[in-house]
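Let us walk through this structure step by step. Keep the sequence and the 3D view side by side.

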Amino acid sequence: MAIDIDREKCISCESCVATCPVGAVKMEDNKARIKEEECISCGSCINECPVEAISAISQEKAAGKPNNTEGHDIWVAVEFENGEPAKVAYELLSVAARLAVKVEEKCCAILFAPEKKDLPQKLIAAGADKVYCITGQQYADYNTDLYVNAFCRLVDEYKPKVVLFGSTADGRDFAPRVAARLQTGLCADCTEIDIDPATNIVEWTRPALGGNILATIVCENHCPQMGTVHPKVFKELEADSSRTGEIIDFVCEDAESRVKLLNKENLTAGGDIKIEDASVICSGGRGMGCPDNFKLLEELAALFENASVAGSRAIVDEGWIPHSKQVGQSGKTVTPKIYFACGISGAIQHLAGMNASDIIIAINKDASAPIFKLAQYGIVGNACEILPKLIDKIKNYKQ
């Protein structure tokens with residue numbers, strides 16, 4: 001950070017001179033001036049100035065560099081999962097397509113895969129105008145070094161304006177490494193994204209201060225502007241098979257990796273449904289009492305098709321369920337048709353991960369619990385006593 005004084009606004013009160021701890025502010029021609037070689041950028045003079053003539057500016061602006069937003073196109077880093085692009089990629093393409101229209105650029109998908117097959121056509125149908133294909137058996141599974149090296153070389157050659165990543169296990173490793181390599185910023189876990197057509201600056205909105213406020217963040221002086229987005233935050237576009245687009249093969253020569261995949265295990269049990277894909281979620285919190293009581297949630301979930309069991313961060317921290325089942329700001333965002341919140345008080349961090357559910361049914365012994373403000377249906381009582389009765393009612397109804 002550098003300090004700048006608007007000499008036209010300066011009223012020569014010398015307040016800044018008196019408050020500077022290192023004597024870096026001097027009076028010249030009856031106006032204040034900063035001695036850059038002595039200034040420690042503490043900002044004390046900014047707060048002291050009665051007419052707001054002193055402000056902080058970036059080092060790039062101080063050096064006379066223009067805003068580094070000269071790149072072109074909006075990119076989406078496509079994750080490859082079980083032979084297909086991951087669902088979050090299609091969700092991000094809908095956002096990228098919207099941003100691209102606003103700034104008259106192209107929506108581009110960056111595909112890592114062992115082979116192309118018909119994958120580029122699927123991405124074009126989902127909103128991509130261009131698909132950059134980086135293919136080879138070495139890209140069949142996510143590899144930190146190979147992916148980052150190839151992606152950064154692609155960025156160096158084609159210079160995108162904006163890059164979107166999914167906030168998944170792989171995306172949270174991939175995106176910050178790319179940002180560090182390119183020396184640009186990265187806004188994590190965004191819930192809304194917009195762009196100013198006049199400046200080409202992206203406005204990234206995300207929860208801050210424990211989820212109590214929403215902060216809008218910009219990256220004015222570095223390019224590409226980058227951010228990650230949780231799955232299920234945005235809806236994908238309806239596929240249009242009539243769309244056409246450009247497919248570009250990119251070969252990364254001499255790609256080396258210091259990382260070797262030794263073993264790969266599925267974190268979900270055979271036949272288990274991922275919570276982000278479930279139509280019905282039976283979620284429990286500390287109010288369930290103990291891990292054994294989660295059998296009630298499993299029994300409830302078994303009564304519905306495409307249902308799964310989940311929980312709050314509190315019980316994940318206790319080790320009752322794995323992190324892959326956690327709903328919330330630091331877990332997963334879900335949008336089921338029905339969300340059972342059992343023994344969950346409704347901390348704002350948890351609500352951030354499930355507030356888009358179609359129907360929320362809450363069971364909690366505290367009538368003033370925040371979860372009831374969001375729920376369409378609420379039952380006040382001990383979840384472990386109410387769930388057996390609810391399960392019996394549903395069984396009787398289905399007979």
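Start at E36, in the loop that links β3 (31-34) to α2 (44-48). The model is predicted. Is E36 buried or exposed? Its relative accessibility is 67%, and exposed means over 50%, so E36 counts as exposed. Now look for I3. E36 and I3 lie 33 residues apart along the chain, and their C-alpha atoms are separated by 8.2 Å.

Next, turn to the interior. In soluble globular proteins, nonpolar side chains tend to be buried together. Here the largest nonpolar core holds 36 residues. Which of them touch the most other members? They are L93, L111, L123, V131, L164, I193 and W204. Helix α4 (residues 87-102) gives the most to this core: ten residues. Take L111 as a way in. Leaving aside residues up to four places away in sequence, L111 touches V78, L119, P120, L123, V131, Y132, C133 and I134. Another core, of 27 residues, lies apart from the largest one; A77, Y139, I248 and C252 are among its members.

Finish with a helix pair. Two packed helices are described by the angle between their axes and the distance between the axes. For α6 (residues 144-158) and α7 (residues 171-182), the axes come within 10 Å and cross at roughly 50°. That angle makes α6 oblique to α7. Their crossing is right-handed. On the α6 side, the contact uses T144, Y147, V148, N149, F151, C152, V155 and D156. On the α7 side, D173, F174, R177, V178, R181 and L182 meet them. By class, this contact has eight nonpolar, two polar and four charged residues.

Terms used:
Residues are numbered from 1 along each chain as its sequence is written. This is a predicted model: local features need pLDDT of at least 70, side-chain atom pairs count only at pLDDT 80 or more; totals for chains, interfaces and linings use all residues. Side-chain values use heavy atoms; hydrogens and water are left out. Axes are lines fitted to C-alpha atoms, for helices over the stretch in contact, and angles run from 0 to 180 degrees between N-to-C directions. Helices (H or I, at least four residues) and strands (E, at least two) are DSSP runs, numbered from the N terminus. Angles under 35 degrees count as roughly parallel, over 145 as roughly antiparallel, 65 to 115 as roughly perpendicular and the rest as oblique. A crossing is left-handed if the near helix is turned anticlockwise from the far one by less than a right angle, and right-handed if clockwise. Contact means heavy atoms within 4.5 Å. Ala, Val, Leu, Ile, Met, Phe, Trp, Tyr, Cys and Pro count as nonpolar, Asp, Glu, Lys and Arg as charged, and the others, Gly among them, as polar. A nonpolar core is a set of buried Ala, Val, Leu, Ile, Met, Phe, Trp, Tyr and Cys residues joined through side-chain atoms within 4.5 Å. Buried means under 20% relative accessible area, exposed over 50%, partly exposed in between (1.4 Å probe, protein chains only).
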